[in-house]
Amino acid sequence: VELDDARLVLDGWTGSVNHNWGTRHTPAYAFGQVCGFDDAPDSSMEIVTARAAIGPFLLPAATLFVFRHAGQEFAVRSILGSLQTHGRYQPFSWAFGGRVRDQMIEGEIIAESADVIGLTYTDTDGGSKFCYNSAIANCRVQVAGRAFERRELLATRRAMFEILTDTLHDEVPLLA
């Protein structure tokens, strides 16, 4: 990576490039990402629990995810598929899971408030949302099924965890 006269060499880092696009922010969500677990560096997971809105009415939360492990993929990418998943979050913990046919995943992502930064997001209607993010959260998942042997995977201080909410949390100062 080069910027002006500065050069930074990144070698052997696991990562991804992604972003959410739309005309406004989702009313409330939790988003998580793990690019390599402690004992499974080639495994990854992206997960979201989000509430959409129709006008002023919030819909029930839906949890979608993609989990890749041992050369296999287990994913729920549709609202219909989310009927077999669950997710419940609060600052700064999140429990989630899903079962599709003979595949199962259960897990949690937890961040210490000292490891979280806060930002104010201005929505298209002029209102404010508060985004709380940690890039050094902990993640634990258990997987089982035909494609995966029963296993617990840990990502110690290497999981990304972000929530968007209308609620200001005093224990995390806002940076912007």
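Visitor: Why is His-69 called buried rather than exposed?

Guide: In this predicted model, His-69 has a relative accessible area of 8%, and because buried means under 20%, the residue counts as buried. His-69 is found in strand β7, residues 62–69.

Visitor: What makes the pairing of His-69 with Ser-43 a polar contact?

Guide: The two side chains come to 2.6 Å, and the cut-off for such a pair of N or O atoms is within 3.5 Å, so the pair counts as a polar contact. Leaving aside neighbours within four places in sequence, His-69 is also in contact with Ala-40, Phe-148, Arg-151 and Leu-153.

Visitor: Why is Leu-10 called partly exposed?

Guide: Its relative accessibility is 42%, and since partly exposed covers what is between the buried limit of 20% and the exposed limit of 50%, Leu-10 counts as partly exposed. Leu-10 is found in the loop between β2 (6–7) and β3 (28–37).

Visitor: Which residues have the most contacts inside the largest nonpolar core?

Guide: That core has 31 residues, and those with the most contacts inside it are Phe-37, Met-45, Phe-67, Cys-139, Val-141 and Phe-161. Strand β13 gives the most to this core, with six residues. Not counting residues up to four places away in sequence, Val-141 touches several residues, including Phe-37, Met-45 and Phe-67.

Conventions
Residues numbered from 1 in each chain as written. Predicted model: local features only at pLDDT ≥ 70, side-chain atom pairs only at ≥ 80, totals over all residues. Heavy atoms only, no water. Helix = DSSP H or I, 4+ residues; strand = E, 2+ residues; numbered from the N terminus. Buried < 20%, exposed > 50% of the residue type's maximum accessible area, 1.4 Å probe, protein only. Polar contact = N/O pair within 3.5 Å; in protein donor to acceptor, adjacent residues only side chain to side chain. Contact = heavy atoms within 4.5 Å. Core = buried A, V, L, I, M, F, W, Y, C linked by side-chain atoms within 4.5 Å.
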